[in-house]
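Open the model in your viewer and keep the selection tool ready. The tour goes stop by stop.

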Amino acid sequence: MDNIDSAKGLSEFLPIQDVFNEMHARNTSQKVRAVLNNKGNSGKRLTTNPPYGYMKNLDNKDEWIIDAVAADIVKKIYQLCIEGFGPTQIAKKLTADNVLTPSQHTENAGRKSCATSVASRWSPRATADILDRMEYIGHTVNFRSTTKSFKNKTKIDLPKEDWKIFENTHEPIIEKETWEVVQNLRKGKRRNNKTGKVSMFSGIAFCADCGAKLYFCTAKDFRETQHFFTCSTARCGRGELHPFF
């Protein structure tokens, strides 16, 4: 737009033009941020597309309604987590059961997907994101992330204390009590074992004597009554074995 052609030579005013152009871009970025801040603080959603399990109401684009098919998968993911499965194990089970991924489901429903490509396998990141989102208990969450500047669009995740949460803005898929149980379970890391057996207490059980974490132990030929937990300090000769029933 400045009619600059290096073949004809560069004007000595070019650096000044660059400064004014950058000022204009910066001012525009500040105005856009101000509009988004006002919108987010007023309770309006900043997300373009609803999370997996919801879809926009055709009569009101600002309203989210439940996508029954996807919502059932969301409920299944939460139930599997409560049963002791981690994000990686849940992703493997969904893939093995030929459950459509979020991007596949969106494409099949004839809606526009925000994904750059249609994934054919569930990823642990996708299941972990579903287990973390407060939108599933009916809340709107704004300001989860930001960018450094109008020049650098790298996404920066903001701490939870900076989030703006508006409660009960749409119909929930998951009960609040269930969501809180899942959050407590996910605070403790769980080890995958070759048998595929898991315990709902993995990651949250601790030794009553020393306070160290208890590890779930089993084998392929073990009966249900033979499973046990071992104190993480047992390897040093200081822990104890705890039966599991």
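Select His 139. This residue is buried, with a relative accessible area of 5%; buried means under 20% relative accessible area, exposed over 50%, partly exposed in between, with a 1.4 Å probe and protein chains only. His 139 sits in the loop between α5 (124-132) and β3 (140-142). Helices (H or I, at least four residues) and strands (E, at least two) are DSSP runs, numbered from the N terminus.

A note on the source: this is a predicted model, where local features need pLDDT of at least 70, side-chain atom pairs count only at pLDDT 80 or more, and totals for chains, interfaces and linings use all residues. Residues are numbered from 1 along each chain as its sequence is written, and side-chain values use heavy atoms, with hydrogens and water left out.

Which residues are in contact with His 139, leaving aside its neighbours within four places in sequence? Show Met 134, Ile 165, Phe 166, Glu 167, Asn 168, Thr 169 and His 170. Contact means heavy atoms within 4.5 Å. Phe 166 is 27 residues from His 139 in sequence, yet 5.6 Å away in space, C-alpha to C-alpha.

Next, select α5 and helix α6 (residues 176-186). Their axes lie 9 Å apart and the angle is about 130 degrees. Axes are lines fitted to C-alpha atoms, for helices over the stretch in contact, and angles run from 0 to 180 degrees between N-to-C directions. The pair is therefore oblique: angles under 35 degrees count as roughly parallel, over 145 as roughly antiparallel, 65 to 115 as roughly perpendicular and the rest as oblique. Ala 128, Leu 131 and Asp 132 of α5 meet Trp 179, Val 182, Gln 183 and Arg 186 of α6.

Move to helix α2 (residues 68-82) and helix α3 (residues 87-96). Their axes come within 10 Å and cross at roughly 135 degrees. That makes α2 oblique to α3. On the α2 side, pick Ile 73, Lys 76, Ile 77, Leu 80 and Cys 81; on α3, pick Ile 90, Lys 93 and Leu 94, which they meet.

Now select strands β1 (residues 54-57) and β2 (residues 60-66). They run antiparallel, joined by 4 bridges; two strands pair if DSSP finds at least two bridges between them. The two form a hairpin with 2 residues between them. Asn 57 stands opposite Asn 60 in β2.

Finally, zoom out. The chain has 6 helices and 9 strands. Of its 245 residues, 32% are buried.
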